[in-house]
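Reader: Hi, I'm new to reading protein models. Can you walk me through this one?
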Amino acid sequence: MSKEMLEALNVLETEKGVKKEVVIEALEAALEAAYKRNYNQAQNVEVNFDPAKGDIHVYAVKEVTEEVFDSRLEVSLKEALTLNKAYEVGDQIKFEVTPKDFGRIAAQTAKQVIMQRVREAERGIVYDEYSQYLDEIMTGEVERSDNRFTYVNLGKIEAVLGKQDRMPNEHYEPHERIKVYVSKVENTSKGPQVTVSRTNPGLVKRLFEQEVPEIFEGVVEIAGIAREAGDRTKIAVRSTNPSVDPVGTTVGPKGVRVQAVVNELSGENMDVVQWEEDPSDYIANALNPAQVIAVQFNDDDNDRSCTVIVPDYQLSLAIGKKGQNARLAAKLTGFKIDIKPESEVEFVDDDELEEEDEILEDGVATETDASEAAPDQADDAAAEPAPADDSQE
């Protein structure tokens, strides 16, 4: 028993990474419970495991008292002094009470404890491994589906793909390999649980990082993503290098880069727009492919809403099918967008107003200059002397 126990502890520590001390502590607690349960003993029991020899000893801990009322819990001072003359009332004395047949119970209990620790260690290893993949892409194999989840094998664990995380235009067949986004890793009482998604906007971001080296390297940054999974996504990009076109770089030559993402997402449409610091320019870009004449913001600074004016013939394009284009643009920019056709708005170009103001200012300035110059000329004429008459000479 002792030799087998020590070998099991050594294997557990070297192969599973579980320290001996942790297992011994759990083993002692389990053996105490087993002893109390099997021998109907009081709660003053301690079990000690010798890590050097593998021996197990059970002790009854009794308190020294003047008068004994319960022999299971107490020992008289007179008896204690026969053991050691230094004992006093209130001291604790351990008496070994290891049963002869306790080895069988100890072996069963040790087996259960070690198996439990092995499972916990394996769960811990799996959790530590997959928690590193949080917010990353992994490729898995579809195993099966039920009313709640589609189960995806990621290697050492079976991840769950919920209804809200499944693409509405996709049907997952057993043994099909798919790319998934790891959205949650939990260490539950039943072991680690990994939740994956095909609808999370993070999946689009990671796919573009795989397809566009400039995004992976940080030369082009993804400023925002608005997605309706399975149908359409708008992605805003900006460049940290003025010589790099963020939209063209993301789309790629002949659209090859963006097409790779579209293919991975089963034909989901991608609108790549340029992020701008000026909100009006950003909103106009976000409504691509519609043309925008002007963006007018409400007077209330706290109300992030605006009115976008578009040509009459592009109103449907700006709003999109079932309002999708406007909805995604609003989600991407963070503004509430009200789209109106040009014919319904009394629109005055700000540039024309500025030109008119400049003309009026110039006219007023000219009149003022003329009026100020007239009296000065009269004064000068009066101040000049009359020309001399040569005939009188």
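Reader: Where is the place of Thr333?
Author: Thr333 is in helix 11, residues 324-333. Helices (H or I, at least four residues) and strands (E, at least two) are DSSP runs, numbered from the N terminus.

Reader: What should I know about the model before we go on?
Author: This is a predicted model, where local features need pLDDT of at least 70, side-chain atom pairs count only at pLDDT 80 or more, and totals for chains, interfaces and linings use all residues. Residues are numbered from 1 along each chain as its sequence is written, and side-chain values use heavy atoms, with hydrogens and water left out.

Reader: Is Thr333 buried or exposed?
Author: Thr333 is buried, at 9% relative accessible area. Buried means under 20% relative accessible area, exposed over 50%, and partly exposed in between (1.4 Å probe, protein chains only).

Reader: Which residues is Thr333 in contact with, leaving aside neighbours within four places in sequence?
Author: Tyr282, Ile283, Ala286 and Arg304. Contact means heavy atoms within 4.5 Å.

Reader: What does the side chain of Thr333 reach?
Author: The backbone nitrogen of Phe335, at 3.4 Å.

Reader: How many residues of helix 11 are buried?
Author: 7 of its 10 residues are buried, so helix 11 is largely enclosed by the rest of the structure. Among them are Gln324, Leu328 and Leu332.

Reader: What covers the buried residues of helix 11?
Author: The cover includes strand 10 (220-228), strand 11 (232-239) and strand 12 (269-274). Helix 9 (279-286), helix 10 (315-319) and strand 15 (336-341) are also included.

Reader: And what comes just after helix 11?
Author: Gly334, with a positive phi of about 85°.

Reader: Do strands 14 and 15 pair in the parallel or antiparallel sense?
Author: Parallel, over 6 bridges, with strand 14 covering residues 305-310. Val308 stands opposite Ile339 in strand 15.

Reader: Now the barrel. How many strands does the closed barrel have?
Author: It has 5 strands, running 5-6-7-9-8, with mixed pairing. The twist averages 50° from one strand to the next.

Reader: How do strand 6 and strand 7 pair, parallel or antiparallel?
Author: Antiparallel, over 5 bridges; strand 6 is residues 149-153. The two form a hairpin with 4 residues between them, and Gly155 in the turn has a positive phi of about 120°. Tyr151 stands opposite Val160 in strand 7.

Reader: What is the bridge partner of Val160 in strand 9?
Author: Thr195. Strand 7 (residues 158-162) and strand 9 (residues 191-197) run parallel, joined by 2 bridges. Leu161 stands opposite Val196 in strand 9. Strand 7 is mostly covered, with 4 of its 5 residues buried.

Reader: Which strands does helix 5 lie across?
Author: Helix 5 (201-211) lies across strand 5 (137-145), strand 8 (177-188) and strand 9. It runs at about 125° to strand 8.

Reader: New topic. How many aromatic pairs are there?
Author: The count is 4. Rings of Phe, Tyr and Trp (its six-membered ring) pair if their centres lie within 6.5 Å; planes under 30 degrees apart count as stacked, over 60 as edge-to-face and the rest as tilted. Tyr130 and Tyr133 have ring centres 6.1 Å apart and planes at 50°, so the pair is tilted. Tyr130 is buried at 2% relative accessible area, while Tyr133 is partly exposed at 33%.

Reader: And how about the whole protein?
Author: The protein has 12 helices and 15 strands. Buried residues make up 37% of its 393 residues.

Key:
Pairing = 2+ DSSP bridges. Axes fitted to C-alpha atoms, helices over the stretch in contact; angles between N-to-C directions. Polar contact = N/O pair within 3.5 Å; in protein donor to acceptor, adjacent residues only side chain to side chain.
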